[in-house]
Structures are given as structure tokens and as C-alpha cells.
Amino acid sequence: MLRLCGHWSAHWALLCAVGTPHRHQSALLLNALHASDETWNTAKFGQVEHAECVMSELLEHKLSLRCLGDDGPLSLVQLQRSLLRRLVFDAGALKNGVRLARLTAAKAARTSHEAEALLDLADLLNLRAYTRTYITRKARAIAEMEEALSASKRAKQLCNQSLSVRMHTSLGRTLASAAHSILLGVVDDDTARNMLANGSARDMFRPALAEHQDAAAMAR
């Protein structure tokens, strides 16, 4: 099992997946893994294409893929979340980001990082929803919206009494997105019923607003 190889062996496998011939991608990966926030805030601009290439290499290389998945060490969870934040949310590599978010959430299951990893997944799916679900009836896009709602609700259940501003904001945003999608008629009836559980799409805005109000109250 790769998990027995330890954190640094897996870390090295991630670096090797991109390789030295791809200098721009290698430099970007190194920055995403190790640079200070100040350095990264400069390095991330105009890097969408290179970030997409890095993500593709990491997820296509057999060894790095195993490291990112269940076989890899649990100590990589935080590193994977950092890669998600920097390469996907910051640099804009949305194409392969969901796959990494799913791998990270699966690895984090039943650990103290599970709720935050689920929120990463929900936020990324919700971000993609804003760019396409409202204007498409494709099954994959609708499934991502449903998955985002499920992930954010599960994260809230896991946190129980230790809810955060991010938790409330994420669930509120996802509930509102799902309600918009249903009202715009891009969600099929069966999926809409699964999302709604009870009530109508308009009723869904009330708990969404309540979540945002809770977030605002906590932030004061």
C-alpha cells in the first residue's frame, strides 16, 4: 500500500508527475505546494492554462493519482486542499478540479478534515453551477448541482454544534443555487423532488436566507 510509504514519498510522486521538461508547470506546482501566500498571490495570475496542465498531469499519472486517492497517506489531505485552493479556486483550473475535490473528500472521510473537504467540493461544484447549470439541461451539470447540495448538507451534519461562517455561507449559497436552477426549469422533475425534500423551490430560499443570516451574525 502506498499509504505505508509515507507523506514525503507521496509528495515526491506528485512532483515527479509533472516532471522537469514542463518548466512552467513544474514551477507552478512548486509554488502551489510551498510558496508563501504573498508569493502565490503574484504567481497565480494568468496561469489558467498551466494550472489545467498541472491538474491533468497529477490526475493522469498512475502513481500520483494513487497518492491523491485512498491509497495515499492521510497526511496529504491538507496538502490536497491547498492544491485545490490555489490551482483551482485561485488559478482557475476548474476542468479537473472536481475530480481532485472528490478524491480529497473521499480520503478525508471519517477524519477531522471531512467537513472542510466536503465544503471544498460543494463550493467548487457550486462555482461550476454558476457558469453552466442555469443555461443547460445536461445530466452531468444537474448531477453536480445535486451533489453540491448533498455535500454541503452532510458537512453541516458533521459539524453539529461547531458551525462556522463558511459552513453557513456555503450551504446558503448552494440552497439558493439549487432553488434558482429549479425555478428556471433546467432541473428535471425527479431531481427537483430529491433536492426539495419538502415544499417548493420558492420555499428553498427561506433556509438559504437563514443560513446567510447566521453567517452574518457569527461574523460580527
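**Close-up views of the predicted model**

**View 1. Helices α9 and α10 run roughly antiparallel to each other (an angle over 145 degrees; under 35 is roughly parallel, 65 to 115 roughly perpendicular, the rest oblique).** This is a predicted model, in which local features need pLDDT of at least 70 and side-chain atom pairs count only at pLDDT 80 or more, while totals for chains, interfaces and linings use all residues. Residues are numbered from 1 along each chain as its sequence is written, and side-chain values use heavy atoms, leaving out hydrogens and water. Helix α9 spans residues 139-159 and helix α10 residues 165-183 (DSSP runs of H or I, at least four residues, numbered from the N terminus). They pack at about 150 degrees with axes 9 Å apart (lines fitted to C-alpha atoms over the stretch in contact, angles from 0 to 180 degrees between N-to-C directions). Their crossing is left-handed (near helix turned anticlockwise from the far one by less than a right angle; clockwise is right-handed). On the α9 side, look for M145, A148, L149, S152, K153, A155, K156 and C159; α10 brings M167, S170, L171, T174, L175, S177, A178 and S181 (contact: heavy atoms within 4.5 Å). By class, this contact holds nine nonpolar, five polar and two charged residues (Ala, Val, Leu, Ile, Met, Phe, Trp, Tyr, Cys and Pro are nonpolar; Asp, Glu, Lys and Arg charged; the others, Gly among them, polar).

**View 2. Helix α2 packs against helix α6.** Helix α2 (residues 23-34) meets helix α6 (residues 77-90) at an angle of about 120 degrees, and their axes lie 9 Å apart. That angle makes α2 oblique to α6. Here α2 passes α6 in a right-handed crossing. From α2 come L28, L29, N31, A32, L33 and H34, and from α6 come L79, S82, L83, R86 and L87. Seven of the residues in this contact are nonpolar, three are polar and one is charged.

**View 3. M204 sits in the largest nonpolar core.** This core (buried Ala, Val, Leu, Ile, Met, Phe, Trp, Tyr and Cys joined through side-chain atoms within 4.5 Å) has 63 residues, and L58, L83, L87, I182 and M204 touch the most other members. Its largest share, nine residues, comes from helix α8 (residues 114-132). Beyond its neighbours within four places in sequence, M204 contacts L149, L175, A178, A179, I182, M195 and L196.

**View 4. R110 lies in the loop between α7 (94-108) and α8.** Although R110 is not a glycine, its phi is positive, about 65 degrees. R110 is exposed, with a relative accessible area of 78% (exposed is over 50%, buried under 20%, partly exposed in between; 1.4 Å probe, protein chains only).

Notes
Helices (H or I, at least four residues) and strands (E, at least two) are DSSP runs, numbered from the N terminus.
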